[in-house]
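We will go from the overall picture to a few single residues, one selection at a time.

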Amino acid sequence: MKKHNYSAGPCILPQEVFEKSAQAVLNFNNSDLSILEISHRSKDFVAVMDEARALALELLGLTGKGYQTLFLQGGASLEFLMVPQNLMKVDGKAAYLDTGTWANNAIKEAKIFGETSIVASSKEQNYNHIPTDYSIPEDANYFHCTSNNTIFGTQMKSFPKTTIPVVCDMSSDIFSRSLDFTQFDLIYAGAQKNMGAAGTTLVVVKEAILGKSGRTIPSILDYEKHIKAESMYNTPAVFAVYTCLLTLQWLKNQGGIAAIEKINEAKANLLYNEIDRNPLFTGTADKKDRSNMNATFLLVDEKNQDAFDKMWKTAGISGLTGHRSVGGYRASMYNAMPLESVQVLVDVMKQLEVVCLSESQLA
């Protein structure tokens, strides 16, 4: 049976990425060597890294606009400290928007390096919305936000205008929707949620904002050193970078971000319409802030949990259980998730409604 993978990350990838990467594990570029054993300095892998870095900029519309692309390690969690270490000046400060668990973790790391202003937070409401009534201090060295909150199912639909550099954690919605990416001075994203295999992190940074902190930065944590070494300062995550390249190639062949955005909107509308229509379910995030990537919802009556869980598992659905912070269910609908898989989930939700209605009529 086909599995419909709703896992939040590591997550679904395009079928052709699985097939091409599997072949590369056995024989990469007809070299009779595996992608897992070739030198990262070999011409074959250098070509992979160069194309992946260039293609990321191309898809984001940032080619020739002063940005550099890096594929690093340590996940978004390492970027939580690399960002303030590279951008917060000695005796300076940074501004953060607190919209979820990962934003909160980024704030904790920033506080190690200096004054960290939380401009707004939805923590008291269990992060069920994106705050909008706030101002950004113009004397801050940068403003940090998280575009999509995987755990809580919220997504920023617009971004504030400010004169200071804007940093955005796009780990769970990068390459999923059309934006003016020039409004960001630094973007980072763990690969495993919408871009490739776990093990690498994409960083897209405007070079002009670097080298101004006034602090001594350990070499392995210095963006400028990684740029100079073309993401080869240390041995990169070869396989993860390769799967990112394959996924970016797939995305370009689909028509790029604008094309995949339409599909993502169709998937989200299909599921949210059923959540709102079906009396057995309720969403957890404010409607205006609902994520197109991660839909979070609950059963109105938990007595239906066993029946619903059995139904969606029987239908071949995987990874639907919600994060413990929210409970209920979370349907992660990343770029590679087909519309047909969302329809399977919606059909199961409708099936539960029919069963419950029949039982109530017999009671």
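Start by colouring the charged side chains: the protein chain has 34 positive and 39 negative ones, and the centres of the two sets lie 0 Å apart. Keep in mind as you look around that this is a predicted model.

**The whole chain**

Switch to a cartoon view, where the secondary structure comes to 9 helices and 14 strands. Along the principal axes, the C-alpha atoms fill a box of roughly 75 × 55 × 30 Å. The radius of gyration is 21 Å, which agrees with the value near 21 Å for a compact globule of 363 residues.

Of the 363 residues, 54% are buried. Among contacts with a separation of 6 or more, 68% are between residues 24 or more positions apart.

**The nonpolar cores**

In soluble globular proteins, nonpolar side chains tend to be buried together. Which residues have the most contacts inside the largest nonpolar core? Select Phe 143 and Phe 175, which hold that place in a core of 56 residues. Apart from this core lies another, of 28 residues; to find it, select Ile 275, Trp 312, Tyr 329 and Leu 352, which are among its members.

Go back to Phe 143 and show its surroundings. Beyond its neighbours within four places in sequence, Phe 143 is in contact with residues including Ala 95, Tyr 96 and Leu 97, then Val 119, Tyr 134 and Ile 136. Further along the sequence, its contacts include Pro 160 and the run Ile 164, Pro 165, Val 166 and Val 167.

Next, select helix H3, residues 75-87, and pick out Gln 85 within it. Is Gln 85 buried or exposed? Its relative accessible area is 9%, so Gln 85 is buried. Leaving out residues up to four places away in sequence, Gln 85 touches Phe 113, Ser 213, Arg 215, Ile 217, Pro 218 and Leu 221.

Now step back to the loop between strand S2 (67-72) and H3, where you will find Gln 73. With a relative accessible area of 32%, Gln 73 is partly exposed. Its contacts, again not counting residues up to four places away, are Leu 78, Gly 199, Thr 201, Asn 234, Thr 235, Pro 236 and Ala 237.

Technical notes. Residues are numbered from 1 along each chain as its sequence is written. This is a predicted model: local features need pLDDT of at least 70, side-chain atom pairs count only at pLDDT 80 or more; totals for chains, interfaces and linings use all residues. Side-chain values use heavy atoms; hydrogens and water are left out. Helices (H or I, at least four residues) and strands (E, at least two) are DSSP runs, numbered from the N terminus. The radius of gyration is taken over C-alpha atoms; the globule rule is 2.2 Å times the number of residues to the power 0.38. Buried means under 20% relative accessible area, exposed over 50%, partly exposed in between (1.4 Å probe, protein chains only). Contact means heavy atoms within 4.5 Å. Lys and Arg count as positive and Asp and Glu as negative; His and the chain ends are not counted. The place of a charge is taken as NZ of Lys, CZ of Arg, CG of Asp or CD of Glu. A nonpolar core is a set of buried Ala, Val, Leu, Ile, Met, Phe, Trp, Tyr and Cys residues joined through side-chain atoms within 4.5 Å.
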